Amino acid sequence: MAASPAFADEVLYGETLVNTLYSDGNIAIRGYDTVAYHKQGKPVKGDERYSHDYLGAKWLFSSAENRDLFAANPEKFAPAYGGYCAFGAGNGYLVKTEPEAFSIVDGKLYLNYNVDVSKKFKADLQNRIALAEKKWPDLKAGLSE
């Protein structure tokens, strides 16, 4: 599997179905509050006091309210492709994400490698999502082995 130049040296694989890359203690998506992306439209760091286990990872939230919203409907708030880069998933590999590189499309959170990659993702949004949807089942299967 070849990485594009944007992802050179960053093709990494996690141990769960959720992106826990660059975190201590199996923390999902670098410890950012996935509900805050939806409610506040920006990345907000989560707090250990408000955590919830889901899909083999610990998710952190900035408030008890956000934690409870997630716990009641994690599929609504969890990012697409386990929180791995949506652009990378469409190219057949799993890479880290940066909190500021995100999009919400039709109520779904998509995270990306960095802001430049996020711009590329947004420039061809529907095609990029279709590619990632096509490749995600095989990527997911590889993670669960």
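## Cavity

About 40 Å³ of space lies in the largest cavity. A cavity here is a set of points, on a 1 Å grid over the protein atoms alone, where a 1.4 Å probe fits but cannot get out. Its volume is the space filled by probe spheres set on the points, with grid points joined across faces, edges and corners. A search of the whole structure finds one cavity of 30 Å³ or more.

The lining of the largest cavity consists of Ile29, Arg30, Tyr32, Tyr37, Thr97, Glu98, Pro99 and Leu111. A lining residue has an atom within 4 Å of a point. Five of these residues are nonpolar, one is polar and two are charged. Ala, Val, Leu, Ile, Met, Phe, Trp, Tyr, Cys and Pro count as nonpolar, Asp, Glu, Lys and Arg as charged, and the others, Gly among them, as polar.

## Model and numbering

This is a predicted model, in which local features need pLDDT of at least 70, side-chain atom pairs count only at pLDDT 80 or more, and totals for chains, interfaces and linings use all residues. Residues are numbered from 1 along each chain as its sequence is written, and side-chain values use heavy atoms, with hydrogens and water left out.

## Overall build

The protein chain has six helices and four strands. Helices (H or I, at least four residues) and strands (E, at least two) are DSSP runs, numbered from the N terminus. From that end, the order is α-β-β-α-α-α-β-β-α-α.

The chain has 145 residues, and 46% of them count as buried. Buried means under 20% relative accessible area, exposed over 50%, and partly exposed in between (1.4 Å probe, protein chains only). The accessible surface comes to about 7200 Å². Carbon and sulfur atoms hold 49% of that surface. Areas come from the Shrake-Rupley method with a 1.4 Å probe; for residues, only the protein chains shown count as cover.

Contact means heavy atoms within 4.5 Å. Among contacts between residues at least 6 apart in sequence, 59% join residues at least 24 apart.

About 200 Å³ of space lies in the largest pocket. It is lined by 14 residues, and the closest to its centre are Tyr54, Leu55, Ala78, Pro79 and Gly82. A pocket is an open set of points with protein on both sides within 12 Å along at least five of seven lines. By class, the pocket lining has 10 nonpolar, one polar and three charged residues.

## Two nonpolar cores

A nonpolar core is a set of buried Ala, Val, Leu, Ile, Met, Phe, Trp, Tyr and Cys residues joined through side-chain atoms within 4.5 Å. The largest one has 21 residues. Tyr81, Tyr110 and Trp136 have the most contacts inside it. Helix H4 (86–90), helix H5 (115–123) and helix H6 (125–143) each give two or more residues to this core. H6 supplies the largest share, five residues. Apart from this core lies another, of 16 residues, including Ala28, Tyr54, Trp59 and Leu109.

Trp136 touches Leu17, Tyr81, Gly82, Tyr84, Leu94 and Leu143, not counting residues up to four places away in sequence. Tyr81 lies in the loop between helix H3 (74–77) and H4. Tyr81 is buried, because its relative accessible area is 4%. Its phi is positive, about 55°, although Tyr81 is not a glycine.

## Arg30

Arg30, one of the cavity-lining residues, lies in the segment before helix H1 (34–40). Phi of Arg30 is near 60°, a positive value in a residue other than glycine. Its relative accessibility is 23%, so Arg30 counts as partly exposed.

## Strand and helix contacts

Phe102 lies in strand E3 (residues 102–105). At 15% relative accessibility, Phe102 counts as buried. Phe102 and Tyr37 are 65 residues apart in sequence, yet 8.5 Å apart in space, C-alpha to C-alpha. Beyond four places in sequence, the contacts of Phe102 include Tyr37, Leu109, Tyr110, Leu111 and Ser118.

Ser118 sits in helix H5. Ser118 is buried, at 3% relative accessibility. Leaving aside neighbours within four places in sequence, Ser118 is in contact with Ala101, Phe102, Ser103 and Asn112.

Tyr50 belongs to strand E1 (residues 47–54). Tyr50 and Ser62 are 12 residues apart in sequence and 6.7 Å apart in space, C-alpha to C-alpha. With neighbours within four places set aside, Tyr50 is in contact with Trp59, Leu60, Phe61, Ser62, Ser63, Ala64 and Arg67.
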